[in-house]
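Hi,

Here is the structure I promised to pass along.

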Amino acid sequence: AQTTPPGRVALMGLLSGWPGSLPAAQKSMALLPGWPSGPFFWAPMAFSCGMHIFTQYLELRQLWKNRERTRPEEVKALGVEENSFLESQAYQREKRSFSMICSWINFAFEDLCVVFATPALWKFSMNACGAGNECKSTLLFMFLQNWIEKPLGIVESIYQNFVIEERHGFNKMTYSLFVTDLVKSELLTYVFAGALVPGLIRLVRWGGKRFHLYVWAMAQTLMFSFMWIYPNFIQPLFNKFEPLKDEKLRGKIEDLAAKE
């Protein structure tokens with residue numbers, strides 16, 4: 001019988017979040033037939049759940065502070081007027097409340113995707129492109145998974161920008177700009193995924209048992225490369241940059257930066 005190389009199994013699990021091959025004893029841990037199982041699935045799920053609950057507890061503590069209507073002495077010392085403080089508190093309270101609601105919705109949706117959608121999409125991609133065409137299967141899988149999660153994110157972003165930010169006078173985005181930025185970000189995702197995923201798969205195949213070291217080296221190289229690429233080539237696609245015209249303010253900012 002033909003066996004899948006260890007590197008390929010690891011890569012499949014890395015890209016899809018799905019434990020590609022598990023012993024029969026681990027599969028017995030599945031709640032229902034066909035569900036993911038084993039410690040390589042449940043341990044990360046438990047850790048993710050614990051971290052989510054902890055971060056939401058921290059957000060809840062901060063939300064309590066946003067409900068306070070009395071200016072702290074430190075804020076009074078900065079010369080912040082009471083109306084400005086109350087407006088800031090109202091904005092932060094509404095923004096944080098919506099963020100917490102979205103966080104719980106996204107957490108539940110992503111867990112459901114891991115259990116149901118992710119394995120189904122991976123199987124569909126493999127069947128559509130052929131089990132031997134790993135690059136195309138992986139790219140198709142990533143495209144489908146991205147667009148399963150994308151609609152929810154778009155709805156949340158629209159409400160955040162055009163309802164909450166607009167209500168408090170902070171929205172500078174138009175619907176046309178929103179759509180344009182979305183198209184640009186999607187195109188950039190496809191370009192970089194199309195270039196990096198095949199290279200990563202070939203690197204895993206070439207690396208053998210030490211593939212993780214080569215993947216780590218590749219990740220470090222990309223990280224440092226994007227520290228130069230992102231501000232010089234990607235950010236200008238979404239934002240306009242020009243020198244600060246207020247020389248007095250510019251001097252204060254430069255002095256503050258020099259102190260740090």
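Glu-73 is exposed, at 57% relative accessible area, in this predicted model. Its salt-bridge partner is Lys-76, with 3.7 Å between the closest N and O atoms. Lys-76 is partly exposed at 37%. Both residues sit in helix 4 (residues 73-77), three residues apart, or about one turn of the helix.

Helix 9 (residues 247-259) holds another pair about one turn apart, Glu-254 and Arg-250, separated by four residues. Their closest N and O atoms are 3.3 Å apart in a salt bridge. Glu-254 is partly exposed at 44%, and Arg-250 is partly exposed at 33%.

A further salt bridge joins Glu-134 to Arg-205, the closest N and O atoms being 2.7 Å apart. This one links distant parts of the chain, 71 residues apart: Glu-134 is in helix 6 and Arg-205 in helix 7 (residues 175-207). Glu-134 is buried at 3% relative accessibility, while Arg-205 is exposed at 52%. The structure holds seven salt bridges, these pairs among them.

What about Glu-165, which is buried yet has no salt bridge? Found in helix 6 (residues 134-167), Glu-165 has Lys-95 as its nearest side chain of opposite charge, 4.3 Å away. The side chain of Glu-165 does make a polar contact of 2.9 Å with that of Gln-160. Its contacts beyond four places in sequence include Tyr-91, Phe-170 and Asn-171.

As for cysteines, there are zero disulfides in the whole structure. Cys-102 is buried at 9% relative accessibility, and Cys-135 is buried at 16%.

Best wishes

Technical notes
Residues are numbered from 1 along each chain as its sequence is written. This is a predicted model: local features need pLDDT of at least 70, side-chain atom pairs count only at pLDDT 80 or more; totals for chains, interfaces and linings use all residues. Side-chain values use heavy atoms; hydrogens and water are left out. Helices (H or I, at least four residues) and strands (E, at least two) are DSSP runs, numbered from the N terminus. Buried means under 20% relative accessible area, exposed over 50%, partly exposed in between (1.4 Å probe, protein chains only). Lys and Arg count as positive and Asp and Glu as negative; His and the chain ends are not counted. A salt bridge is a side-chain nitrogen of Lys or Arg within 4 Å of a carboxyl oxygen of Asp or Glu. A polar contact is a pair of N or O atoms within 3.5 Å; within protein, one must be able to donate a hydrogen and the other to accept it, and residues adjacent in sequence count only if both atoms are side-chain atoms. Contact means heavy atoms within 4.5 Å. A disulfide is a pair of cysteine sulfur atoms within 2.5 Å.
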